Every structure is written in C-alpha cells, then in structure tokens.
Amino acid sequence: MINLSDNVTKLNSLNRRMFILATAKIIILGGIVSRLFFLQVKENKKYLTLSDKNRIREWKLPPVRGEFKDYFGNTIAGNFEAYQLHIIPEQVEDFRYVIYRIKELLDLTDRQFNKILKKKDEIKPWETLIVGDNLSWEKFSKINNHLYDLNGVKPVISISRDYPYKENFTHVLGYVSQANENDISTNDEIKEKFVPGLKVGKTGLEKTFEKKLIGSNSVERYEVNAYGRRISQLAFQKGDKGQTIRLTIDTKIQELTNHLLKDKAGSICVMDIYTGAIIAMHSSPSFDPNSFVFGISRDEWQLIRNDPMKPLVNKSLSGNYSPGSTIKPIVALSALENEIINSDFTVHCKGHKNPLELYGQTYHCWKKEGHGFMNLKEGMKQSCDTYFYEVARRLGVDKLSVTAKKFGLGKKVFRDLFDIEKNGLVPNTQWKKNALGKNWVLGETIITGIGQGFIQTTPIQLCLMTAQIANGGYKIYPKLIVNNNEKQDDKFTPLYKKSKNIKIIQNAMFSSTNEIRGTSYRSRIDDPKYRFAGKTGTAQVKKITERDRELDLKTFEIPYEERDHALYVAFGPYKSPRYALSIVIEHGGSGGTVAAPLAKELFKIIIDRHEIRKNYDNKKYLDI
Amino acid sequence: MYQYTRFDNKNNIFQKIINLDFILLSCLLVLGFISLATMYSTDGGEILFHTKSHFIKFVIFFFMMLTISLINIKFWFSLGYLSYAIILGMLIWTINFGITASGSKRWIDLYFLNIQPSELMKIFIILCLSKYFHRMKIQHVNSFYAVCFSLIIIFVPMSLVIIQPDLGTSLLIAISGIVVLWFAGLNHKYFFYSCLLSIISLPIIISFLKPYQKSRVLTFLNPDRDPLGAGYQIIQSKIAVGSGGITGKGFLKGTQSYLEFLPEKHTDFIFTLFSEEFGFIGSIILLLIYAIIIYRVIRIGALSRSYFAKLFCYSFGTSIFIYIVINMSMVLGLVPIVGSPLPIMSYGGSSMLATMIGFGIVMSAKTHSQQSIA
C-alpha cells in the first residue's frame, strides 16, 4: 500500500507539473502567433517593399542623343546604327574557342585581343562583354555568316553618334566620347543618366547643350535572384530622345570655308549683319570628330595633339590675334566720331627715309617709297600706316578703346555658349596701369592705331565689328542656334553719333577693294551683284628690325613661326550689304595677297546661297 | 488479476490497430503532406532530389512508426538504457570517424545511409531518463545521487555533440533531458538556481564561444550590424515572412525562396518559405496542426497507466513543442540562430527518424495504455 500511495504522489506531481507547463505552452504559442501577426499583418507593407527591393532591379539603357541640324535641316550630327558584337560569357560553352574564332574573323590585333580578355575577367559572367563596338558591315556580315559556329555570340545594332560632315563642324559642334569621372562629377544630368558606355559632349556645342541633347534613359525592369542574375523582364519603359538643335550655319558655305583653309592654319567667320546669324565658322586645321566616338587611338591622338598648326584650338573663338590694319576702320571711325579729324584730314607719308619719329623711336609705313599726301579715304584704301599713326596720336588710346569696345572688340561674342572663347584685349591707359603697373606711353598709342601692340582680337570679334559697320552702325547679337520662338526685334540700337561717319568708313572700305591701288583690288568682283567691300590686315608676329627691312625677304623665305598673320574683313554685296566675314590665316603673309582672294570665292557662293536661304524661310512659313 | 488477463487476451494485432490514435496519425499524415508540398516548392516547383528523398524517408519512417506502435511498450522500456548506450557509442564513433561537412563532424556512414546520432539522442535521452525515474521513489528523486546521475546522463552526450561542433543540437538534447527531470519532480529550486547561475555565467560562456557563434548572438541583438554577412539570414527570413501577408504569395510563388534570397530553405528555414507562400492563415493552420499533435501526445500520456509511458509522452510532447518554438522564434527573429530543425517539416533523415521513433513509442503507449510496467 505504501508503494501505491507513493505512486499516487508521483503521478500527482507529474500531472501538476504537466498542467503548469501546458499553461506556459499556451502563453508561448500566443507569443509566436502575435509575432507572426506583427510581421505578416501589421508590418506586411514594409516587408513587401523590402522583398520587391530584393527582387526587382532596373537597368538603364543609354539615352538616344538629340541631333544637330544645319539651317536647311540637314543633319550635321546625327545617330547611326553601330554594328556591335556582344558576348555573355556564361552563355558560351567553350569561351576560348569562340574568342579565338572571333579574333580570326575580325582580324583583331594582339593588343585588342588582350584588352578584351582583360575586360572579360573584370565583369561578372552574366554581364555583357562588348567584343566589337563599331564593326564594318563586311565584318558584321562575316560574323553573321559564321554564327552557327559561335555559340552565345550576339550581333547587336546599337545607336551611336555620327558626324557625316567629318571635320567641317568639329570646332562648332565639338565631339562626344565616353563619359569619364570628371563629366559625371561636374554635371548632375550626366550623373543621373549615366550608364556604362554613355557618350557625352566633350567640347563645343555638344558640351554646352548637354542637358538638352542627352535625352532620357530607357529603363528595363528585371526580376533578379540573390546573386543578381536576371530571371525575367517585368517592364520596359521607353526613354525620350534628346532635343534636336538647329543651327544657323549653312553647310555649303561651311564646307567651302573648310576647303579654302585646307593645309592652312586659320579661321573664317561669316555672319548675317542684320540677324547676327553665323552662316559659317571654321577653324583650320580641323580633325574628324568621329574618331573620338569610340575612343581615339593613341597614335592618332598624338598626331593631332602634336600638330604645329594646332588642330585642337578653335581659332575662330580662342585665337587671339593682333588685328593689324583691319582695325583701321575703327580707328578712323573713332576719330570721326570724336571730331578729331574730318574726311579731308591729310597726312604726308614720306616713306622709309623719313619715318615718323617720336622720343627716339621710329615708326615706318609698310610702303618703302611712301604714299605721299593721304586723306582718310586714300589712307584707308592704301592702308597707309603713317596716316593712322598721326590719327591715333591725335585721337588717343582711351577714346579709341571706347569705340572699339562698342563695336564688339575685347569681349566674348557668344557670352556663355563656348567655354573656350577668349575675350581678346582692347587696351587703354587704365588697363595698363592695373595689369602691368606702368604708365601708358605715346608710342603704344601709335602702334595701336595700326592694330599692333597690346591689342588682341579673335576672328569672330573682327567679323562682328565688320558686320556692325556694314549694317550702318547698329548693334547685333550673334547667334548660332535658330530659335523659332524668338520674335524678330526690329529696333536696332545705333552705335554711332553720326550715321554719316559710318557711311564714310563703308566708302573707304569699298575703295580699298574696288578702286585701283586698293590693297585688295586684285580680289574684287566687278559684277555689282557680288561686289563687296573689305579691309586687309597684315599682323606682325615679331618686331621688324632694321636688318629685316634691309633684307626685305619674301614670305616663303622667312621661318613659318615668324611669318605675318594675314587678315581680311569684308562685307557685301556693297549695294545692300547683308553678310560680313573675317578671314585670318596664321603666318600666311600679307592680307591682300593671301586672305583677300578667299573672300572673293566666298562672296560668290554666299550671295548665291542668300536667295536659297530666303526661299527656304518663305517656304517654311507657307508650310504652316 | 482478472482484469489483466482480460486485456492480455484481447491484446492481439487487430485490437492494437483499433487502439491506434487515428487523430494523431491523420495529423501526422497531413503534416507530412504539407512538408512534401513545401519541399516541392523549395525545389522550384519540380520533383527533384529533396522532394523525392523527403517523400521516401517520410513513407519509410511512417511505416516504421506504425511497426513500433504495435510492439509492446514494455519492450521499449527494457530498451531504455541499451539504446542510450548505443547512441552514445555512435556519438563517440562520430567524433573519430564521422563525416565532415561544412566544418563540423556530425554524420556517420552506415553504408546504406548517413545518420546523425545527435538527432537520435534527442529522443533516446528521454527514453533513458524516463526509465531511470520510472522505478525511483518520489523521495529519492531529489537525492544527491539521483540528481548527479541524471545530470551525467545529460552532460555526456551534450558535450560529445558540442565538440562536433553543433551547439544547437546539444542545447536541444539538454532541453529534452531537463524536461524529463522537471516532470520527474525535481525540486523547483534546482531549476531556479541553475537559471540564475547560467544568466550570471552568460558573459563567460559567450567568451568561450566560437567566432561564428559569437557573431550569431551579436547579430541577433542587432541584425543590421552586418546585413550582407551574419545578419543576412535573419533579415531575409523576416522579409520573406513579413512579405507573405495574410494570405501569402501563393504556392510556388514565394519570391524570396524562388530567387534564392533565403538561406537553408530546405532545413532550418522551411517555415519561412511556408509562411511566405501561405501567409498568416497558413501559418496559423500549421501551428494548429502541431498543437493538435502535441495535445494528442500529452493526452495519450495522461491516459496511460504506467508512469514510464506518462513520463515519456509528457516529455516527448514538451520537447517537440520546444523544438517548434525554438525553430519558429529563430526564423521570426526572436532568438539567435541556432541550428534546430522543425520536426517533420524540415529536410533531414535523422531528425525525421528520431521524431518518428518518438511518435512510435507514444503510439505504442496508446495501444498498450493499460499495460503496467513493473
């Protein structure tokens, strides 16, 4: 019986403890259920988002870049279909075999081949390896014919930048190339839209209008697994192409400028004198921007970079040249405006035997024998230096600089459009004191009168200056972009005090080209339809010594770097002017013999094209 | 005397089959079905290795359980010490000749299958201790000798498993043993003091932990500490469960598991996958099935005549409950990650074998509920 009662106590204890534990179990179970409720019901949204974040990944595709068109709607920077070859390494059964086969088919050099192999090691096996980025059609079709043999190789047609006019527009448009660290960090737009292989503008308008041109990315949304491999595509969101930008440039004239400057270093700018529209703007030598799109080869780059004619410099905007005699219209105008002289003011040019002498310095005219008695018109026509020495001496540099600045010298023509554009320099006494800490001397005024010394101008400034003289002395704002919304502003701000003065200068420039003994008389066009007026300039790059004067060498006998710059500014047709141009040939020699003949050829085309341009405008309005 | 003979006479095979607990059996079958479906989902909606293997194991072990249940409980009682000794031998064998996988020696090669003795120990330690306390008078339970001996029975296999190393399983073995001690009537104060002691010594224990174990504990305390490393499992598991919502993402549509964000989805994290695909409602149903199973096990214990059967059923039911709670708390981010499978649901032969042996003995207690053991 004791045994039994012992058993009973034991069982009682067991059952009691079971009861305690059962209660505990129910509480714990409740805890688990409430935790489940918390996670799955209360916090469901949060975890659902996290789960989607886990599994959904977006891939941005390169946006399609906007195009550049010329005035007539021809594409000057467009997009073309580049034939590319992609490989996804993990989809290739025998990578070694395939890659060697491709090497054979594409005739890859060992260097290119090793570059591809290196790139393959850097990427994940399911990422795309670009084997060829811009294949010729022959190679592309060759690959297509051998596809049966190349498992996992994908021929792809992708969109890339194309400059159909090659070197013609390089300095206006600039070029695109792969975006680098610097591009990404300085431009938020690029940062936002960046994808590997994105091409962005590096210079010129391509860079300036990056935001308008870049467009927006297409987005592919994929479901991915934990290792980042794409499982299935969920959505495709098409991006917008960048804006198309229409320029005021006429491709025909642009091509002609390129042709005229062939094998020369220099610049030609052509401008509409009423609208300020740039008709052509070329800097020579140029280079083919297409080479940069897929990355330029080192050899080609060295060739461009080390060229003594400096193809990388946009001479139209950032070439600082002494204007030489092309400044004379402004000197004369300034003197007339300030009533220092009138058109009958006469100076006697006595030639090299009797130069102007001031404080021991002598100032020679370019003509050995001297010009004799010169009035304003004759002085301008024959570009008599002695005449302008005297005018400048009487005028003073400060008054001259006011007029020069008014007519567009010494400041950027396009303001913010190009970051490489230079200001040029129009000196005055104040400037010298501030910049050099020295007082202005009279001798410096004298040489400023013939566009030498401190004064520096860019070709586009000279073009603007000429245009503003040609249009009767009214302010214009040069532009490169056709803006359809812009209202034609008929109110021109006059830059003159007396419009008669402008007329005198125009006449003097006319005689320089169209009258006998004019410096560019040989380049004249007799047909009144094409007749133009101009002013030559020959800018010295070094001081002429007595020895040089005695030797009197021909241009080709002087070392290239020491030859004079040849300049020419002109406007036409003379009867009712419409276009102005400036020509600068670096180290070309005399402006009258080298630069002016180019103007003759240009004006023929420019004036013919004017009709076409007008008709195109009218037709455009009819279409609406 | 009369009664005994009456029951003895009627204790034929047919009678035994009638006496089986059919509610428990059907719950186990439903659970088996659910686990197969989940396994099918982990294989990505195809019948692959895990599904096939799990199916075969479930069928074999289910019939093994039925066989066990038809054998007299007395036989299992008599096997108590011997089976413990055999498993202990296997554990020692494991340490010397075990198969090394992912840094620990847990399996032994029995030529036709690899077995994990530590999983079996979880059941046989209950059997052994139940037998030990069955004979003991209530006054002796709290004697120094009894306490020491039972603690040795627990500590020997536990330490053998720790050095494998397998902290999770050794903890579960210890818990199984301690549960038996609790039911056997060990004084509450022992539990109280040992709890106090372990809390005090916790920092010392942590300093002895292996680096990966230490990082698990630290990660549990702050999963964002290393979201791609040690915290990854907890974070991804919580995301999977949480994103399941009320009704779940649907069968075979659990993105977290399908896209391989879930680690260990066949074994320890099987509940995560189930919960992601079937949601809150599915999880509650699963919990309900487990609750019914545990209730039936305890009920069988309550109806059993012998103390041994009672002690075994109670302890086994409670142990199963604790395994489930630990596994679920782990995947729900309530406790640090310790390797502990979800009974029957998780993939793993040894775990299922042990669980099924346990249910077999419980079922045997049912069919022989009137059997007393001397």
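## Helix packing in chain B

Axes are lines fitted to C-alpha atoms, for helices over the stretch in contact, and angles run from 0 to 180 degrees between N-to-C directions. In this predicted model, helix 8 (residues 144-162) of chain B packs with helix 9 of chain B at an angle of about 170°. Their axes are 8 Å apart. Angles over 145 degrees count as roughly antiparallel, so helix 8 and helix 9 of chain B are roughly antiparallel to each other.

Which residues meet here? Helix 8 of chain B brings Ser150(B), Ile153(B), Ile154(B), Pro157(B), Met158(B), Val161(B) and Ile162(B). Helix 9 of chain B answers with Leu167(B), Thr169(B), Ser170(B), Ile173(B), Ala174(B), Gly177(B) and Leu181(B). The residues of this contact divide into 10 nonpolar and 4 polar, with no charged.

## Sheet in chain B

Chain B also has an open sheet of 3 strands, in the order 1-2-3, with antiparallel pairing. Strand 1 (99-101) and strand 3 (114-115) of chain B are the edge strands, and each pairs on one side only.

Strand 2 (residues 104-109) of chain B pairs with strand 3 of chain B over 2 bridges. Ile108(B) stands opposite Ile115(B) in strand 3 of chain B.

Conventions: Residues are numbered from 1 along each chain as its sequence is written. Chains are lettered from A and ligands numbered from 1 in the order in which they are written. This is a predicted model: local features need pLDDT of at least 70, side-chain atom pairs count only at pLDDT 80 or more; totals for chains, interfaces and linings use all residues. Helices (H or I, at least four residues) and strands (E, at least two) are DSSP runs, numbered from the N terminus. Angles under 35 degrees count as roughly parallel, over 145 as roughly antiparallel, 65 to 115 as roughly perpendicular and the rest as oblique. Two residues are in contact if their C-beta atoms, placed from the backbone, lie within 7 Å. Ala, Val, Leu, Ile, Met, Phe, Trp, Tyr, Cys and Pro count as nonpolar, Asp, Glu, Lys and Arg as charged, and the others, Gly among them, as polar. Two strands pair if DSSP finds at least two bridges between them.
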